[in-house]
Amino acid sequence: MQTDLKQTPQPPIKKLEAKLLPGEIVVNEVSFVRKCIGADSSHGDLWGKLICTNFKVSFITHDALPKQRFQVANRLLGEHDVPLACVEQVVTVNDAKGKQKVLCSNQKLKFNPTELVLYCKDFRIIRFRFDEAGPQSAKKVCLAIAHYSQPADPQLLFGFEYIGKQYYGSLGERVNGVDPGGGLQMPLFDRPSEWDREIKRTGAAEWRVCSINEGYVVSPSLPEYVVVPVSLADQDLKQYLCFFTAHRIPLWCWNHPNGSALVRMASISDPLQQRKLDQRICSAITKSHPQRSDVLKSDLDKNLPNIQDIQAAFVKVRQICVIEPFEESEEKWLSSMESSRWLEYVRAFLKHSAEVVYLLEGKHVSVILQEEEDRDLSCVVSSLVQLMLDPHFRSLTGFQSLVQKEWVMAGHRFLHRCNHLKKNDKEESPLFQLFLDCVWQIINQYPAAFEFTETYLTVLSDSMWIPVFSTFLFNCPQQRTENSMDFAKSKCIPMGEEKALRFPPVWDWSQQFTPKDQALFNNPMYVGKGATCVQNGTVKSFRRTKKNYSSTLRGMPSSLRNILMDGHDSLTLTRRNSLVPRLKPDFSQIREVVESPTERFFRDWVSRPADLQGMLIPQLLPSHLALWRLYFLRWVPEASIPKGGPVTAYHKLSQLADEVEKLQSQLRQYKGATPASTPTSNPSAPPSDHSRMYFKAGSTHEPSSIPEYLSSSFPFSPVGNMCRRSILGTPLSKFLNGAKTWLSTETLANEAL
């Protein structure tokens, strides 16, 4: 018996250990932790170890999730990992004492927690129970999470340790670190040659690349290279810059084929120089226009909501869409959504951008977007204007170059607006999320005009909370250079000829996803200039003609007063009008009104078939704007529709597009084959990795059905990502339009569990 026992092989016990990235270290951990999956009972909960590193909160378990689900696998994160930068609130609870506390950095915790709740910036709510865990270990890991999720200095963000270890060796190998372009086929606009190519692409012959800010000697918030009118000499610009806020001279954004230019500019700080500088800048822009057209200025600070208004609206939407008891009527929910004013602000930015489009396209005049510091609202408007006018920016590469040019290089304060350091809540504002929501609204109306999907937009937003990319870590390129130089010196990292550490841009998606998962970014309906079709047995380039009508134009009212211009030509935008009163008819104005040139322009455009490779104007009645459900409701279980939602159409269209690709490949093979080399054995599909589509065409003998894991939340899953108190007696129909509510810090502090 003893001999048999000794010879019986024992199954090895796998240790629960976190997978660490270069530069990542374990700070604290606690075993025998239960991750809550269900709201009412512990059935289906997972047991494992909770680990806090200097990068993430990681839960390691051998258990499998109780329900079949699908989620995009991120190469930098595990299935149950949450980046510390994504943690917004750390709430500890003691059931026995009836206490709870929102933990901040360097705070003490006077009770032993029995539960930990993480409220995340991507709207997840994750709960852990410590019923079987050591009380002191549980307390230490909670304090560690609170401390490391609120770094006191930019150099304490994990990206610095990661880059230092991943790309810079102790002996100086790979001294250049990441390639400036990361091997990408897109410009990062950190070189004069890339600005030159953009000038040539847009035909801006009367504009030039200026290098007076090389080394950031003129303005720390501007890129080293900017584009200015040919008629403005460097010496003139050096004289003018001291009169602009933060020395931010006017920046060229884009040129219309008719010669009109889109320019952004900070306000002029010296009132005595206002008129003089305005005349000189406008005169130089006028000279750059072939027809010497006028220049109009749009004051964004006066015409659009400010960053505090946008932040307040975002917080309210978060409260409405994600949380616990939901007992109000559907009408109450809709009125709550309206009172948040989020969609009103989305409409305001789209409307103002459409008005600028009219000036550039319809009146052939150049436009200056003016903002106090030219780093917030102008990023949104300039990007939307170019997206509506230039089909290049509706391709994946073009869209990424647009964000790089108008946000990253133009000095949008990502560090402050994302509140990565959690120092000043007044500086936090979701301007980039607002922009992505505006982009989604246009995609929703013209789905075939964009190469990328809403999944891409959602993943791009989530990447803001993974602090290893230069794209979303800093307020400007100069801040990245300065902090990386200081960090390299403090860590004795050999730099060689490089001046600073080079962080990878977020646009190198291979760092986060496999090629298969990246296929989820591709839109099967996209009709671009490079799309192909088969005509009379020949593969030809396809271009949408004006015989193709857009279904989004159906039901468009004849009068566009309430859609775009509200009955006037000016760029003034009413900021406090509700969306609902605008739907009420004003019987005093039933008599015929003279149509303005602006209204006539948009009416003529709407009356024609939409050219998906031309100008696109979104419809802006309240009925045309919708809540971006994938972004706001993807974690809400009650809002998830099994085997339903837009993803079912995406599934079928992807399979159809994949089948077309295979047929095109076969046709090319047959056309290029000689009689001796005519394919006989396997002329069918190309290798699966050559396909752009995530879902592949099924066999003709086995028609593919909708996979069980598909839901309206795809490719995300609420399972394990949204655990809250039970919601009883709530009709599902209410959650198809939204859910309820996010707890503020004050609410959490006062609410008794």
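These legends go with a handful of close-up views of the predicted model. Residues are numbered from 1 along each chain as its sequence is written, and side-chain values use heavy atoms, with hydrogens and water left out. Because the model is predicted, local features need pLDDT of at least 70 and side-chain atom pairs count only at pLDDT 80 or more, while totals for chains, interfaces and linings use all residues.

**View 1. Phe474 and Phe503 make an edge-to-face aromatic pair.** Rings of Phe, Tyr and Trp (for Trp, its six-membered ring) pair if their centres lie within 6.5 Å; planes under 30 degrees apart count as stacked, over 60 as edge-to-face and the rest as tilted. That rule gives 44 aromatic pairs. In this one, the rings of Phe474 and Phe503 are 5.5 Å apart centre to centre, with 80 degrees between the planes. Phe474 lies in the loop between helix H15 (454-462) and helix H16 (477-490), and Phe503 in the loop between H16 and helix H17 (515-518), so the pair ties together parts that are 29 residues apart in sequence. Helices here (H or I, at least four residues) and strands (E, at least two) are DSSP runs, numbered from the N terminus. Phe474 is buried at 4% relative accessible area, and Phe503 is buried too, at 6%. For these labels, buried means under 20% relative accessible area, exposed over 50% and partly exposed in between (1.4 Å probe, protein chains only).

**View 2. Tyr650 and Phe695 also meet edge-to-face.** Their ring centres sit 6.2 Å apart and their planes are at 75 degrees. Tyr650 belongs to helix H21 (residues 646-672) and Phe695 to the loop between H21 and helix H22 (732-737), so this pair ties together parts 45 residues apart in sequence. Tyr650 is buried, with 15% relative accessible area; Phe695 is buried at 5%.

View 3. A charge sits over a ring if NZ of Lys or CZ of Arg is within 6 Å of the ring centre and within 35 degrees of the ring normal. Arg124 does this with Trp635, its charged end 5.5 Å from the ring centre. Arg634 does it with Phe716, at 4.6 Å from the ring centre.

**View 4. Helix H11 (residues 377-389) packs against helix H14 (residues 431-445).** Their axes come within 10 Å and cross at roughly 20 degrees. Axes are lines fitted to C-alpha atoms, for helices over the stretch in contact, and angles run from 0 to 180 degrees between N-to-C directions. H11 and H14 are therefore roughly parallel (angles under 35 degrees count as roughly parallel, over 145 as roughly antiparallel, 65 to 115 as roughly perpendicular and the rest as oblique).

**View 5. Helix H12 (residues 396-408) runs alongside H15 at an angle of about 30 degrees.** The axes are 13 Å apart, and H12 and H15 are roughly parallel. H12 passes H15 in a right-handed crossing. Leu396, Phe399 and Gln400 of H12 make the contact with Tyr456, Leu457 and Leu460 of H15, where contact means heavy atoms within 4.5 Å. Phe399 and Tyr456 also turn up in a ring-pair cluster, whose other members include Trp407, Phe435, Phe472 and Trp509.

**View 6. Helix H8 (residues 307-321) crosses helix H10 (residues 342-362) at roughly 135 degrees.** The axes come within 8 Å, and the angle makes H8 oblique to H10. Asp309, Ile310, Ala313, Phe314 and Val317 of H8 touch Trp342, Tyr345 and Phe349 of H10.

View 7. Ser463 is buried, at 1% relative accessible area. Setting aside neighbours within four places in sequence, Ser463 is in contact with Phe469, Phe472, Val506, Trp509 and Gln512.

View 8. The peptide bond from Phe714 to Pro715 is cis, with omega near 5 degrees; Pro715 is in the loop between H21 and H22. Tyr216 is not a glycine, yet has a positive phi of about 60 degrees. Asn419, in the loop between helix H13 (414-417) and H14, has a positive phi near 55 degrees and is buried at 5% relative accessible area.

Key. Left-handed = near helix turned anticlockwise from the far one by under 90°.
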